[in-house]
Amino acid sequence: MNPSCCGFYSATGAIFMTFVYAMLTTQPFFITGIEDVEEARSNAFGATIAFATTFAISAIMIVKEGREKEEREYDTGADQEGANRLNIDFKKDYGSVATDSY
C-alpha cells in the first residue's frame, strides 16, 4: 500500500480518536451508550497511539522514498545522437496521416 495513503488515513484517525478521547475525558455524558467510561477512554487512547505510530512509520517511508528518488539516475538517451525516443513530437510520420484519398 502507498505510504501516502496510509499516512493520510492514520493522521485522520489520530485526529478523530484524539477528539473522542477528549470528549470521554471532559464531557462523557454527551456520548450515549457507553457502560464503562474508563474502559472507553482507555481504548480511545490506545487507538490514538496506534494511529499515531502508523502515521510516524508512513512519514518515515515517505521521506525514505523521496530520498531514493533523488538518488536515482535516469537514462534519457539525450547524450546519443538522434535519440529522441521520448520526443515523439519531432517525428513527422508518427501516428495516422490525414490524406485526401477518400
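## Reading the core and surface of a predicted model

Biologist: Let's start with one residue. Where is the place of Ala 22?

Modeller: The place of Ala 22 is in helix H1. Keep in mind that this is a predicted model.

Biologist: Why does Ala 22 count as partly exposed?

Modeller: The idea is to compare relative accessibility with two limits: under 20% is buried, over 50% is exposed, and partly exposed lies in between. Ala 22 has 36% relative accessibility, so Ala 22 counts as partly exposed. As for distance, the C-alpha atoms of Ala 22 and Arg 41 are separated by 8.6 Å, with the two residues 19 apart along the chain.

Biologist: Now the inside. Which residues make up the largest nonpolar core?

Modeller: For a core, look for buried nonpolar residues joined through side-chain atoms. Here the largest one has seven residues, namely Ala 14, Met 17, Val 20, Leu 24, Ala 40, Ala 44 and Phe 51. Helix H1 (3-26) and helix H2 (37-71) each supply at least two residues of this core, and H1 gives the largest share, four residues.

Biologist: Which residues does Leu 24 touch, not counting residues up to four places away in sequence?

Modeller: With those neighbours left out, Leu 24 touches Ile 31, Ile 34, Val 37, Ala 40, Arg 41 and Ala 44.

Biologist: And outside, which residues form a nonpolar patch on the surface?

Modeller: Tyr 21, Phe 45 and Ile 49 do, and together they have about 270 Å² of accessible area. Phe 45 belongs to helix H2. Its relative accessibility is 43%, so Phe 45 counts as partly exposed.

Methods
Residues numbered from 1 in each chain as written. Predicted model: local features only at pLDDT ≥ 70, side-chain atom pairs only at ≥ 80, totals over all residues. Heavy atoms only, no water. Core = buried A, V, L, I, M, F, W, Y, C linked by side-chain atoms within 4.5 Å. Buried < 20%, exposed > 50% of the residue type's maximum accessible area, 1.4 Å probe, protein only. Contact = heavy atoms within 4.5 Å. Patch = residues over 30% accessible without salt bridge, like charges linked within 9 Å, V, L, I, M, F, W, Y side chains within 5 Å. Areas by Shrake-Rupley, 256 points an atom, 1.4 Å probe, with all protein chains shown as cover. Salt bridge = Lys/Arg side-chain N within 4 Å of Asp/Glu carboxyl O.
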